[in-house]
Each structure stands twice: as C-alpha cells, then as structure tokens.
Amino acid sequence: MSHFYQEVGENIRFYRQLRKITQAELGARTKFDQSYVGKIERGEINVSLETVEKIADSLQINPNQLFEKRLPKTNDTERVHLEKINLLLAGKSSKELRHIQRIIKEILLLKEIEE
C-alpha cells in the first residue's frame, strides 16, 4: 500500500492512543469494525475522505491533522506533549487564549533569563 496511507494510519493510531481509546472503541464511535480500524492504522486499505472525517470527528481533531507529516525534528514525546496542550486549549475563548499566550511568553522569557 502507499506510503501516504501508512502515514495517515500512523496519525490515526497516534491520536487514538493519545486519547486512550482502543481500536474497538474507535470502531464503535465510527460504526466501523475493529479489524477495519486496524487495517486503516496499518495503511493496508485506501480510506475515503468520508471515512477520514468520521475518524477525525471521533478523535475530536481536524481531519487535516491526519494528513500531516511528522516533522523530522519532532520526536513522539514532543508530539504527545504538544497535542496534550492542544487538547487543553480546545474550546477556550479568544480572550482566554490571549491570556494563556502571554503567560507562556513570560515563562519562556524567565527560562531565558535563568539560563
């Protein structure tokens, strides 16, 4: 199968595991059989955009996140931390996000001063 479908499958597995969801649970949420979810994650089948959308909705992410290539410099641990931060920020208002951004900037500035 295509390398593209393998990457999509790896991204699905990443986000599923990040949310501590089993293949069976994802299958139940999407109305797909668990074995079908496994084949998707292994990149063994071509998935339609409709399927990608159902999976993304079930994982509470944007479908485009399933198509993103991993950056070579970003290891899985960093990726997990960044996605956990994204989960925490989801649903926050613009005002709350501006405050959080200021706090993060202050923390980073303090870190630079300490070094």
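Helix 2, spanning residues 23–30, has Leu26, Gly27 and Thr30 buried. Those three cover an arc of only 100° around the axis, which is why they end up on the same side of helix 2. Keep in mind that this is a predicted model. The other thing to look at here is the aromatic pairs, which number 4.

**Helix 2 and its surroundings**

- As a reminder, an α-helix has 3.6 residues a turn, so residues three or four places apart point the same way.
- What do the buried residues of helix 2 pack against? Their partners are helix 1 (3–18), helix 3 (34–41) and helix 4 (49–59).
- Just past the end of helix 2 sits lysine 31, with a positive phi of about 65°.

**Aromatic pairs**

- Among the 4 aromatic pairs is the one between phenylalanine 4 and tyrosine 5, which is edge-to-face, with 5.3 Å centre to centre and 75° between the planes.
- Phenylalanine 14 and tyrosine 15 also make an edge-to-face pair, this one at 5.1 Å centre to centre with 80° between the planes.

- Is phenylalanine 14 buried or exposed? Phenylalanine 14 is buried, and tyrosine 15 is buried too.

Key
Residues numbered from 1 in each chain as written. Predicted model: local features only at pLDDT ≥ 70, side-chain atom pairs only at ≥ 80, totals over all residues. Heavy atoms only, no water. Buried < 20%, exposed > 50% of the residue type's maximum accessible area, 1.4 Å probe, protein only. Helix = DSSP H or I, 4+ residues; strand = E, 2+ residues; numbered from the N terminus. Arc of directions from axis to C-beta. Contact = heavy atoms within 4.5 Å. Phe/Tyr/Trp six-rings, centres within 6.5 Å; stacked < 30°, edge-to-face > 60°.
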